[in-house]
Amino acid sequence: MTDFTEDMPEPLPVKQLPISRQFMRRIQNSWRQIVTVVPFLWLLVFFLAPFFIVAKISLAELAIASPPFTSLIEWTGDGIMTIRLVFDNFVYIWEDSLYFDTYLNSLKISATSTFLCLLFGYPIAYAIVRSGPVAKPLLLFAIILPFWTSFLLRVYSWMGLLADQGTINNLLMALGIVDEPIRMLYTEFAVYIGIVYTYMPFMILPLYANMEKLDNSLNEAAADLGSRPTNTFFKVTLPLTMPGIVAGSLLVFIPATGEYVIPDLLGGGNVQMIGRVLYNEFSRNSDWPVAAAVAIVLLIILVLPIMVFQHYQGKASEEQ
Amino acid sequence: MTVSTTVSAAPWLEQKEQQPLVQIRGVTKKYGEVTAVDNVDLDIYKGELFCLLGGSGCGKSTLLRMLAGFEDLNAGTITIDGVDMADVPAYERPTNMMFQSYALFPHMTVEKNVAFGLEQDHVPKFDLADRVHDILKLVELEDFKKRKPKQLSGGQRQRVALARALVKRPKLLLLDEPLAALDKKLRKQTQFELANIQDKVGVTFIVVTHDQEEAMTLSSRMAVMDAGRFKQIGTPTEIYEFPESRFVADFIGSANIFEGRVTEDGADHVRVETEFCEVFVDHGHSVKVGSKIWVALRPEKIRLEKSDEVAEGPNQTSAIIDDVGYLGETSIYKVRLPNDEVFDVTMPNQSRPTHATQRLTWEDKVKISWDPSSAMLLHS
């Protein structure tokens, strides 16, 4: 047997970069690492750490102290560390039907609002996509425009519109349509108006982004194959805009469930939503542990739709 | 050779008494100031594979979309199988279209895409499955029926689009640049496939294309379009061999076009005087003696031979080779005529040149000549 290693070509010498270039490259590499670390750091500092603090408080007991709760970790001398996890707060939330009913009511209101946003937002988004090159940016601007004004101010204006002596009732009475004011403010109706009005852009914008990508020749192809416009909508347009529907619905549903300002200002004491309960526990009762537990339970309830969202996003990116 | 001795499978000649399948009369389409389709008339007969050929923006796609019902007409009428299409919406027309982008439904499998059209017609389940299966077999995609369009290659998607358009057995199939998205090799192969499928199913095809080679290969008849109007309608042979205008002569294939003046107009011949030689055409042409005319010569119809003598007589002239392009199967020669005009001449490389002296090269003195039947006379 001959030795084949002799025939092997010599490995090419690794080209040495000049020192200055090496240095530059090292800096570039470390930059790349820093850039990827930033979002993790952001999540850690502004999301995970606060979450653990809230979780910690929810497992503590109310105490007359500042801050008003007991510490989880105690040193009982002799170098023994005891960790006390109090689940009383969760048991309390579970047993008091007030909380259960409020959660349910919050979910009902936010689900209905999401549906209403979709019902009105879908045709609006569709119309914007189909509008001409002049109208389109104007319409999109009109959707985003309310964000220029303070959210609180906009809710207060609704109070002025909906109040018993407000603009709408005054107008109706002046026109002789009604004799006495229709009660709108401090009803569930007002809360629906507030939520649908406030969160509509969050429904329209993802829908718009989704619909904008749709190829109009798909509609033409469906028509060409004998499909009437309504059938085309249900068989082609609707399934293809599903990612936009899911994204928009979650962007409305999740924040609407925990909404505090709108039910407080427009619903008054008549509409119980979990955001208000949370605020009352925290601020009026100063019961931080129960407030924290309420928040944790809310989070758990909302994780479910977020997971659905993630699932759909994963599927959508898979198909592309 | 005259125009009237065309091949027998020519429904536009045989069925003159019959009603055409498609009648386009005075159709005009305007987009604001721009006239996309300008008062065109066209008859298309059953079983034809008709190509609309033209550059981008010539109005060919607009005309096709008007046939499908996607665009309204500003004037004129479109009749398909005797029915005026003016008030017939796209979803009720007896036409199906194959889109340039294919427009396959991305959320449906191949099978579902193909079945979509049949479902709209409420075709019974068992019949539907059979027809979907048969058409997928025709385009050789049975094994891919459970796939989504994204999981297919460009050529496979093209065949799904064709199957989906064909499965409803339309009276008229409209194809918008059906091969444009394929690479060159696949395109050439598919050209013949498409023509074969048309032959098998017997559906009338109207194909829009900007590719003159594609139009020549596919069509039984074609129309050359420019600026919203038809420049010429005829068989590929007619259009290539008997173009009526400089535009058509230049658009289809290549042509050396030069000016001349008619000196003699006989029943069976025409003589034209040009700057470098007399052109003799051995067939009659409706021209006036003394009138200005254009003569076109196809590069492959010109003979080229080495010669030091000054060429005299009709249909020949001396020239000098300016440039040579070797293309493998053919060579293209740029020859300079006595009046400094440059002609393209192509010659097949039928044998390998054994001697360098045999080869025609730069600055060679040559004689070019052509048959009396070769020169094409153009009025505009």
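Two strands are taken to pair if DSSP finds at least two bridges between them, and strands (E, at least two residues) and helices (H or I, at least four) are DSSP runs numbered from the N terminus. The model is predicted, so that local features need pLDDT of at least 70 and side-chain atom pairs count only at pLDDT 80 or more, while totals for chains, interfaces and linings use all residues. Residues are numbered from 1 along each chain as its sequence is written, and chains are lettered from A and ligands numbered from 1 in the order in which they are written.

**Exercise 1.** Trace the pairing of strand S4 (residues 75-80) of chain B with strands S1 and S5 of that chain.

*Solution.* Begin with strand S1 (residues 22-31) of chain B, which runs antiparallel to S4(B) and is joined to it by five bridges; B:Val22 has B:Ile80 of S4(B) as its bridge partner. Finally, S4(B) and S5(B) form a hairpin with two residues between them, where B:Asp81 in the turn has a positive phi of about 55°.

**Exercise 2.** Describe the side of chain B that touches chain A.

*Solution.* Count first: 18 residues of chain B are in contact (C-beta atoms, placed from the backbone, within 7 Å) with 15 residues of chain A. Strand S6 (95-98) and helix H3 (110-120) of chain B each supply at least two residues of this side, and the largest share, three residues, comes from H3(B).

Methods. Two residues are in contact if their C-beta atoms, placed from the backbone, lie within 7 Å.
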